Amino acid sequence: MIYAQRSSQLLTSIPDYVKIVEVGARDGLQNEKAIIPTNVKVELIKLLVSSGLSVVEATSFVSPKWVPQLADAKDVLAAIQNVEGARFPVLTPNLKGFEAAVAAGAKEVAVFPAASESFSKANLNSSIEDNLARCHDIASAARSLSIPVRGYISCVVGCPLEGNIAPAKVAYVAKSLYEMGCSEISLGDTIGVGTPGTVISMLEAVLDVVPTDMLAVHFHDTYGQALSNILISLQMGISTVDSSVSGLGGCPYAKGATGNVATEDVVYMLNGLGVKTNVDLGKLMLAGDFICKHLGRASGSKAATALSKVTSHASKL
Amino acid sequence: MSSLEEPLGLDKLPSMNTIDRIQRFSSGSCRPRVDNLGMGNCWIEGRSCSTSNSCNEDDEEYTAETFPWKIQTRDLSQDDSFSQKSLTKGRRSMKFGMIDDSISDCQSSPKCHTKDMQGLAYKFLNSIPKFVKIVEVGPRDGLQNEKNIVPTSVKIELIHRLASTGLSVIEATSFVSPKWVPQLADAKDVMQAVHNLRGIRLPVLTPNLKGFEAAMASGAREVAIFASASESFSKSNINCSIEESLIRFRAVTRAAKQLSIPVRGYVSCVAGCPVEGPIPPSKVAYVAKELYDMGCFEISLGDTIGVGTPGTVVPMLLAVMAVVPIDKIAVHFHDTYGQSLPNILVSLQMGISTVDSSVAGLGGCPYAKGASGNVATEDVVYMLNGLGVKTNVDLGKLMLAGDFISNHLGRPSTSKTAIALNRVTSNASKISY
């Protein structure tokens, strides 16, 4: 029957295993107003690792003047040097940051160009080309030390200044990152405006120039679209997804709106799809509880909220 | 991902004149241009494709709803036709604004898929219906569990506002015993006030013949009945077995047929039951078929506790589609675990073209207190707009209806789209000229 055939196609191209890149400790926390003590960050990272997450973005070696929250990058990295079972990439926006990261023991770094010229100029104070040149320097330095480099691309669907971003632009930046030696390229819908229709056009263009298994998707849930965008990406064969425990990390462009998609919600969906992640949802929720308690806020994860309520309700039976 | 160096201050964004902003924020509409692959280029998100508004050809590249910031003229690389070319003409390697015919880079790369990928993407979108009917359940499903009684006048006003958005079906109330659902004790008054609204269908729930008769006396012209795919849930929720409930409902459908009143059938717990756990697709199909055979014109499949994921939704829909025509099936997903939009997406991919939702995400989950329930209509419309699917719903007006009821309830909307768009606009209004 045509429906059966069509329906099986909807799920069969989804990878059997998806790697989750947990960005809560960096992307999630970096915009928090109140400074979070180093020991809390370290404990969060340890709890995340214990849930089975194999990649936990630990911090960012950026000037404390711009991101005071992560001024303790060196200390955080030092404290997790001996934590086993996970990789801890750190952001390094320039060569100086890269050198500081290496000195602090970083074994993996990430760079951060944008697909939007205006956003690049406003946010990173340089054109896309200048930024890519900077990334190239970092990639060269990293290669000589055998340090893998992850390339993030921001504004892959839309930009708060320019509006729609042409898929070809994203493909151009992705190709540059690929050619300069990045081991993975994470495509970020920075303001969360993407929907499956725009995501597919963007992915099509990028998949043309970068192999599928090197791509990751980093969708923001600002308009509630993250999980459907992730689903369509999985259908397209993407097997790495960025997310943030408890949905930490708001949207800086629409104050009060949400940002990162919650790891718990992603894991819930992947579990339901029969996709292996090696992540224990219960232990992940413990990590989420921990940081939410510290922040004095409710979780941004619907799955975590529902499961907590159901459990507390069940315990009354 | 946020700024690494200097965070982008909103005061640094370029200004935009008021008229431009209002025009962009209100129902910027366009008719989707259907290219030869059948994919409208209203893929560009946020387009509100409403036939009630004229197509503003000049203002096509951005949606009012999603990009109120946009003020710069677009360059070639952002041209609509540019992205369309990239779909229809296959792969070309491109630099900014320039189309380079050479595809040698791509061919030499070992993992480049050219026609494969185009086929793949097409496969995941081409079966999505061009038009989706949204059944708005906010005034009934959304409000029925509110603790504080919402005044009749507020309910009526909400329905009027929803009616002005382009929604064609609004579930108005329920003729159930006030003892069980005190919130809807004013069903008769609400119905009498709204039943003459033109161009809108206003179904009401009627759990039994008595409710049906009361509904008819109040001017209702469409009703809905509510069976469960879970035996335990049926017993605990409506105090009878599935079979007993079906007998009850046959009485309603017989009476309705005599008066030419359409009946919608709901099936609850289609993905899971709070008591029994997972529900076999065959059970859902059985109940759906019974409802269809007794005369329901549409069957709405409800994931009552929101536990479904695309992995469970697909087999469930397959089972139902084997016994009920696809155009008679609606999906009613709860967002309790954040899964409703991916579930809706996969349902659309299977060809489903009717989706239930609730303005501002009204309606919590009664089984996980404090957890969310219905999916927010604004979020659904946002996604459908982005997919180039026509809904006739004006997102801006819908947000106004959501604001209205959220203000009354003294709670923020649970629609992420509404929150994001409200924040973006309120920030814009602080920019000085």
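## A tour of the core, a helix and a pocket

Start by selecting A:Ile153, A:Leu187, B:Val267, B:Leu291 and B:Leu301: of the 200 residues in the largest nonpolar core, these touch the most other members. A nonpolar core here is a set of buried Ala, Val, Leu, Ile, Met, Phe, Trp, Tyr and Cys residues joined through side-chain atoms within 4.5 Å, and buried means under 20% relative accessible area, with a 1.4 Å probe and protein chains only. Next, colour a second, separate core of 7 residues, which includes A:Val23, A:Val55, A:Phe112 and A:Tyr152.

Before going on, note that this is a predicted model, in which local features need pLDDT of at least 70 and side-chain atom pairs count only at pLDDT 80 or more, while totals for chains, interfaces and linings use all residues. Side-chain values use heavy atoms, without hydrogens and water, residues are numbered from 1 along each chain as its sequence is written, and chains are lettered from A and ligands numbered from 1 in the order in which they are written.

Now centre on A:Leu187. Not counting residues up to four places away in sequence, A:Leu187 touches A:Ile153, A:Val156 and A:Val170, among others, with contact meaning heavy atoms within 4.5 Å. Also on its list are A:Met202, A:Leu203, A:Val206, A:Leu215, A:Ala216, A:Val217 and A:His218.

After H10(A) comes A:Gly237, with a positive phi near 100 degrees.

Zoom out to chain A, which has 13 helices and 11 strands. Its C-alpha trace spans about 60 × 50 × 35 Å along the principal axes, and 66% of its 317 residues are buried.

Over in chain B, pick B:Thr354 in strand S13 (residues 354-357). Why does B:Thr354 count as buried? Because its relative accessibility is 4%. Leaving aside neighbours within four places in sequence, B:Thr354 is in contact with residues including B:Lys133, B:Arg264 and B:Glu298.

For the last stop, select B:Val176, B:Trp180, B:Val181, B:Asn237 and B:Ile238, the closest to the centre of the second largest pocket among the 48 residues that line it. H9(B) gives the largest share of that lining, 5 residues.

Terms used:
Helix = DSSP H or I, 4+ residues; strand = E, 2+ residues; numbered from the N terminus. Buried < 20%, exposed > 50% of the residue type's maximum accessible area, 1.4 Å probe, protein only. 1 Å grid on protein atoms, 1.4 Å probe; cavity = no way out; pocket = protein on both sides within 12 Å on 5 of 7 lines; lining within 4 Å.
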